[in-house]
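Dear colleague,

I am passing on the structure shown below, together with a summary of what was found in it. Please read the summary alongside the coordinates.

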Amino acid sequence: MIRDRTLQARDKLLGKLPVTGELLRGTLLERVVRHKSGCPKCARGEGHQVYVLTVSYGGGRVRQFSVRRERVAEVRRWLANYQELKEAIEAICELNHDLLRPEKAAAKGGRKKRD
Ligand SMILES: [Zn+2]
């Protein structure tokens with residue numbers, strides 16, 4: 001039955017949810033800061049690599065946080081956790097649309113091929 005399969009698929013997604021508080025929303029940007037004078041590193045054209053986490057909110061509001069180099073790997077992991085969680089939530093919501101449909105309509109509107 002389609003409903004059972006949907007529930008099964010939903011349980012499978014639930015089991016894969018990264019259950020962690022280590023979540024971050026946003027984008028990690030790499031920027032190079034160059035001093036105009038008095039810095040040997042910048043004089044050699046190297047510049048300084050800095051990392052900025054940008055987080056956008058509704059209404060076009062954006063917050064920026066500078067991220068220390070030693071925390072970049074951690075931040076990337078937290079961002080990945082968030083993406084994974086978000087994708088799973090979206091997929092579960094899509095499955096729940098199927099569960100909202102009346103049984104008959106679900107059977108009629110289902111895929112042609114059944115295994
Ligand atoms: Zn410099």
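At 22% relative accessibility, His48 counts as partly exposed. Please bear in mind throughout that this is a predicted model.

His48 belongs to the metal site. The zinc ion is coordinated by His48 through NE2, by His35 through ND1, and by Cys39 and Cys42 through their SG atoms, at 2.0 to 2.2 Å. Along the chain, the donors of the zinc ion are spaced as H-x3-C-x2-C-x5-H. The arrangement is tetrahedral because the four donor atoms around the zinc ion subtend angles of 103 to 118 degrees, and the criterion asks that all angles lie between 85 and 135 degrees. Cys39, one of the donors, has 15% relative accessibility and therefore counts as buried, the limit being under 20%.

The largest nonpolar core has eight residues, namely Leu28, Tyr51, Leu53, Val55, Val67, Val72, Val75 and Leu79. Two elements, β2 (48-56) and α3 (72-100), each supply at least two residues of this core. Which residues does Val67 touch, leaving aside those up to four places away in sequence? The contacts of Val67 are Leu28, Tyr51, Leu53, Val72 and Val75.

The last topic is charge pairing. Side chains of opposite charge can pair when their charged atoms come close. The structure holds five salt bridges, and three of these pairs are described here:

- Arg44 and Glu46 form a salt bridge in which the closest N and O atoms are 2.8 Å apart. Arg44 counts as exposed because its relative accessibility is 58%, whereas Glu46, at 42%, counts as partly exposed.
- Arg71 pairs with Glu74 in a salt bridge, with 2.8 Å between the closest N and O atoms. Arg71 has 44% relative accessibility and so counts as partly exposed; Glu74 is partly exposed, with a relative accessible area of 23%.
- Asp98 forms a salt bridge with Arg101, the closest N and O atoms lying 3.7 Å apart. At 30% relative accessibility Asp98 counts as partly exposed, and Arg101 counts as partly exposed at 33%.

With kind regards

Notes. Residues numbered from 1 in each chain as written. Predicted model: local features only at pLDDT ≥ 70, side-chain atom pairs only at ≥ 80, totals over all residues. Heavy atoms only, no water. Donors = N, O, S within 2.8 Å, 3.2 Å for Na, K, Ca; no water. Tetrahedral: all angles 85-135°; square planar, octahedral: opposite > 155°, others 65-115°. Buried < 20%, exposed > 50% of the residue type's maximum accessible area, 1.4 Å probe, protein only. Core = buried A, V, L, I, M, F, W, Y, C linked by side-chain atoms within 4.5 Å. Helix = DSSP H or I, 4+ residues; strand = E, 2+ residues; numbered from the N terminus. Contact = heavy atoms within 4.5 Å. Salt bridge = Lys/Arg side-chain N within 4 Å of Asp/Glu carboxyl O.
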